[in-house]
Amino acid sequence: MSLWVDKYRPKTLNKLSFHESITKNLGALASTGDFPHLLVYGPSGSGKKTRVYATLHELFGSQVEKLKIDVKTFTTSSNRKLEFNVLSSPYHLEITPSDMGNNDRVVIQDLLKDIASTEQVDFTSQQKGIKHRFKVVIINEADSLTRDAQAALRRTMEKYSSNIRLIMISNTTSNIIPPIKSRTLLVRIPAPSVSEISQILNNVATKENLKFSVNEESEKLKLFEKIAINSSQNLRKALLCFETVSMQNETIQLSTNLIDLDWEIIIKNISRLILTNQSVANLSKIRVIFYELLAHCIPARIILKTLLFDLLESCESNKIEDLVSIGSTFDNRLSLGSKSIFHLEGFAAKAMVALS
Amino acid sequence: MEDPVNLNFGESVLFNNADQATTDLGETNNNDMDFQSSLLFGGVQPQPESEQVNDLIEVEYGQIQPKKVKLFDGKVINLKPKVRKSINADEIKSSEEMDLIDMDNLFRIAKEKQAFKDNQEQLSEQQTKPKKKFKTSQVWTEKYRPKRFLQLCSAGNDRQYRMISHWLQRWSGVVFNTEYEYNQLNQHQNPHNIQNNVDQLGRPYRKILLVSGPPGIGKTTTVHLIAKQLGYNVEELNAANSMDVLPSTVNTGDNRYGNVNAALKLKIQNALTSNSIQAQGNKIISNGKPTCLVIDEIDTAGNSSDIIRVLNELIQSDQRALNKRGQPSGKKSKDNLLNRPIICIANDAFSTNSRTWGGFNMDKLRSISELISFQKPAFIKRSTGIKTGGKALNSVKEYIKDISEQENLKLEYNEINEIVEICEGDIRACINHLQFNGRKLENYVSSSPKINKDLQLSWFKLTDMLFKRDPQLNKEQDFDNLMEILLSGGGKSINSSSGTLDKVIRGCFNRYLDTVYYQDDSLVKPCELSEWLNFYDIIGTSNEIPQYSNLILLKFWQLFSEINPKKIVKSLLPDIKNIEFESNEMKKQNKALVKKLITNIPISLKVSLGGGFEDNQSMGLFVLPFLYKILFPELASSGSSNSLQVKSKNNLNDFDKLCLEKSASLFKSLQIEFETFKDNETNQLLLEINPNLDSLVFYDNDILTFNPKQIQLKRKWFFPMLQTEFDRITIQSKTVKRSITPETKNQSKKTKISSSVEFFKGQYDGISTQIQKPKEVDETSRIWVKYNEGYSNAVRKTIGWKDLWIS
């Protein structure tokens, strides 16, 4: 038995439920048997990778689902051995550059050259007249590639284009250098709308034979919408949340409180602290909490973002502009710098000043 | 007559010129020169003393009758061409017929010799002088390495010392056969005596001890000492010698890698099976001491993966041998019982430096070894505001003081305090510091502080300076002073290495809130500071213009300095010094946890949970918290009563049964295990899951509190239920396999087929268009294919052509 996230994951293009036009385009792309390098971007939980895999499925058939993990070794320039995992099928492989830290340039060069030097042998579609001579390389979190690695990609993308197709997946395009953007087909996958998510949740509910206290569809949809909003339109989070809710009670009460994640509650409390009492003592209290959140692997930018939105929710309307501008400044600093606690505290202090 | 000069005129020193001789004699006299040895006038007959009249000395040359004599006043009387320019004493002696003596030369030689002698005396003085005070042929860290257990500096690690010695003592049953009987008795009562962490043979449950801790607090020393005191002979393997290859006799193959590996294994096994021998006189006798293998620096050794692999093999073979024990063994088995203790030492038990196939080396080692971690003696802030170390730090200070007394360094207690603080409790660094700065510190006591301005400033001293303003100077002057110190004075050393600058900044950052709180309690200054901290952060990461980064310290001074900084009685932040360190440590630990979990997740689920293998944000954000709640469902029928009554599955209602089954299957597929863990402090048995998600999922602060007791209570009844569920699943799967009737087989396999069929479809319709679509074949006569994922013989099923060609 597996989690619903896995269980109800569509495997083919025609099973995908939302963003019809994108799906159609991808289908058309796949039907030609060839496609350019892709850069798929959009918020997490919007189905980027699901779409990519569905497209690959359309191209190569079910073989792409036969995934296995390979371990590749590389020697870095400092002669250190580096090993990392590559998820691969006969037709594609998937890498995550953040696994490799600062050595991603070497890895990407070596790996791509390695793949490019061998030509794919393809039986399946010979008869159709199309030969898949290329292998697909999926690069996860492409925005975390270092500049060096991206520069290394530039040339490789053109040089080995006969043997390799790249699909880069990222949340934003802001960290990707323009030459790469111009070499790829940009596909934006927006987050699914609330109604789309609730539709999906409804499907899952019927398939799982879940019991609800009320049987009217419209009432149920209200609950699903609540989940969708609560999970900030992240489908993955919504499904997990829904599964957890369903485990709590046999018949799901429509009035059930959704499960708030602990860190979200904590950040809510920080925002309350900032709003109610602007003092140094409070600032120090907040610092302790920030430390704890960071220790629990909550990324600093997410803390900042959640905190800002919590503040915006409950502050006076004339302060909103100030807060947003402060928030964006510190978001920039967080992404440039490395000592997140300085910036988080700076944000808290500035927000306090703005609010007092 | 008595001569005032110490010259021995008996050997007849010749002075022809009165004046010259006087002055010269005066000089030589002062220098207390010994002419007897240095100047020999060969062939000169001693003359009656009467002839030597006071200062004027007339010398007649015995038989060699009157030859010309060169006078000192410049009158040259019949200079003989035979005179040599360079005369040395021996030559004079040998040349009997020499009738002219070059007094010039003689005095020159005398002077030279005198100078030489003086020089030598000076030199030897220089050499002996320091020897008197710093008589060291040894580095002090070696010299003062504790020789006995009682000499060990506790440094807050007493408990760890005792744990090591307990662990080692448990081996003595096997190694020395002393407590063997006692343990055997025990064994009959309960064969798996996990409570005492002892196995059937009385050995510790975990056969390897992993000692970890920061450098310089005496891990190696402690382990060596304890092992020696318990009668072991310590065989050390460290990063330096573990790479050695055994002599070419063991060259088993041309494969170099294999050779190294084999050599390593041989080496470890040799160490474990042999007793050490000693040479006494001509005979070599065994001293009867068993070996204790100590593997030092295991986390940094170049071939740590090999070492750990060998260790793993050893443990496995030991386990096999243990299981076979008692059974009559027909043939000699390869598996040997492990009967010598192995201790590994590492700085970081969670090191992720090196990794090999399927995980980090240290992870593999951790799983088979007992963990003991040494702590650094930490600074504690007393309520009085004075920074003092706890007991642990005091013991370090006492230790340093002992050394300083033995070396006669006469250090004040506050100086020792400073040394210890600079080195941050690293004992080895303290001793090094003491040895090499010992003399400097001596000056420090005696001389005024101004001279020593260019001495190294410690980072906390600088931090203090930044919060202080000199009342005698106006603001500009003071600012200039500080800038001077930062850019060229003592502060420079701090700025030159980014690590210390970081420490200063952190120190200031930790402190400024308190200062502001007492100053005006407004938030303007923190706001201003945040800009500068941003500047520091960005400059620091850019790595190009680091020389400007120290200017931020001036900003600290400008914002927060006071003429009379108050002692901070009660900080706003509890335990400020450690909070950051702890937060970082916990983050590391949690990240390692996520990695471990994520490697065990089945691939398809991994893909569904989002790409990243190791650095997946969403895992910590929401996946794991939700997952945890799914893994431990609130079972309604078990009710709110968390009583300890024995619950079984039968008591549950249908829905809860479902939940339980789901939870159990998830536990299985995620490879999460539960284990009992004995807390050494409270001596309680705790129920944990492995990997332990608790630290990631639970928060403990004012807002949300974490109640471990309740969780433990829940687990106490939940785990047994899960266990029975596990058993049920395994039994079920077995029985299902056995009792496959054709019909159930059809149903169970049907789902899989569609993909396999498609696979064949692709394979064959390319070859011939005549082939019917297998889907239709499916309807007429079914093909059952067994698909073994990941194997080369993935599809193995005899299919006749008939099956495929039937129309």
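Student: What makes helix 8 (residues 219-229) of chain B count as largely enclosed by the rest of the structure?

Tutor: Keep in mind that this is a predicted model. Eight of the 11 residues in helix 8 of chain B are buried, so the helix is largely enclosed by the rest of the structure. Those buried residues are Lys219(B), Thr221(B), Thr222(B), Val223(B), His224(B), Leu225(B), Ile226(B) and Ala227(B).

Student: Which residue with a positive phi follows helix 8 of chain B?

Tutor: That is Gly231(B), with a phi near 90°.

Student: How much of chain B as a whole counts as buried?

Tutor: Of its 807 residues, 41% count as buried. Chain B is built with 29 helices and 14 strands. Among its contacts with a separation of 6 or more, 68% join residues 24 or more positions apart.

Student: Why is Ser530(B) called buried?

Tutor: Set the value against the cut-off: buried means under 20% relative accessible area. Ser530(B) has 3%, so the label "buried" applies. This serine sits in helix 19 (residues 524-542) of chain B, and its side chain reaches the backbone oxygen of Cys527(B) at 2.8 Å.

Student: Which residues does Ser530(B) touch, leaving aside those up to four places away in sequence?

Tutor: Ser530(B) touches Phe330(A), Arg333(A), Gly346(A) and Lys350(A).

Student: Lys350(A) belongs to chain A. How do you know that Lys350(A) forms a salt bridge with Glu531(B)?

Tutor: The rule asks for a side-chain nitrogen of Lys or Arg within 4 Å of a carboxyl oxygen of Asp or Glu. For Lys350(A) and Glu531(B) the closest N and O atoms are 2.2 Å apart, so the pair qualifies as a salt bridge. Across the interface of chain A and chain B the rule finds three salt bridges. The polar contacts between the two chains come to nine residue pairs, both residues being at pLDDT 80 or more.

Student: Which helix gives the largest share of the side of chain A that touches chain B?

Tutor: Helix 11 (residues 280-295) of chain A does, with 13 residues. By class, that side of chain A has 37 nonpolar, 23 polar and 22 charged residues.

Student: How many residues take part in the contact, and how much area is buried?

Tutor: Chain A supplies 82 residues and chain B supplies 87 residues. Together the chains bury about 7900 Å² between them, with 66% of it on carbon and sulfur atoms. In chain A, Met247(A), His296(A) and Phe342(A) lose the most area to chain B, together 10% of what that side buries.

Student: Let me try the burial test on two loop residues. Is Cys297(A) buried or exposed?

Tutor: Cys297(A) has a relative accessible area of 12%, and the cut-off for buried is under 20%, so Cys297(A) is buried. This cysteine is in the loop between helix 11 and helix 12 (300-314) of chain A. Its phi is positive, about 65°, although Cys297(A) is not a glycine.

Student: And why is Gln233(A) called partly exposed?

Tutor: Its relative accessible area is 29%. Buried needs under 20% and exposed needs over 50%, so Gln233(A) falls in between and is partly exposed. Gln233(A) lies in the loop between helix 8 (217-230) and helix 9 (235-248) of chain A. Gln233(A) is not a glycine, yet has a positive phi of about 55°.

Key:
Residues are numbered from 1 along each chain as its sequence is written. Chains are lettered from A and ligands numbered from 1 in the order in which they are written. This is a predicted model: local features need pLDDT of at least 70, side-chain atom pairs count only at pLDDT 80 or more; totals for chains, interfaces and linings use all residues. Side-chain values use heavy atoms; hydrogens and water are left out. Contact means heavy atoms within 4.5 Å. Buried area is the accessible area (1.4 Å probe) that two parts lose on being put together, summed over both. A polar contact is a pair of N or O atoms within 3.5 Å; within protein, one must be able to donate a hydrogen and the other to accept it, and residues adjacent in sequence count only if both atoms are side-chain atoms. Helices (H or I, at least four residues) and strands (E, at least two) are DSSP runs, numbered from the N terminus. Ala, Val, Leu, Ile, Met, Phe, Trp, Tyr, Cys and Pro count as nonpolar, Asp, Glu, Lys and Arg as charged, and the others, Gly among them, as polar. Buried means under 20% relative accessible area, exposed over 50%, partly exposed in between (1.4 Å probe, protein chains only).
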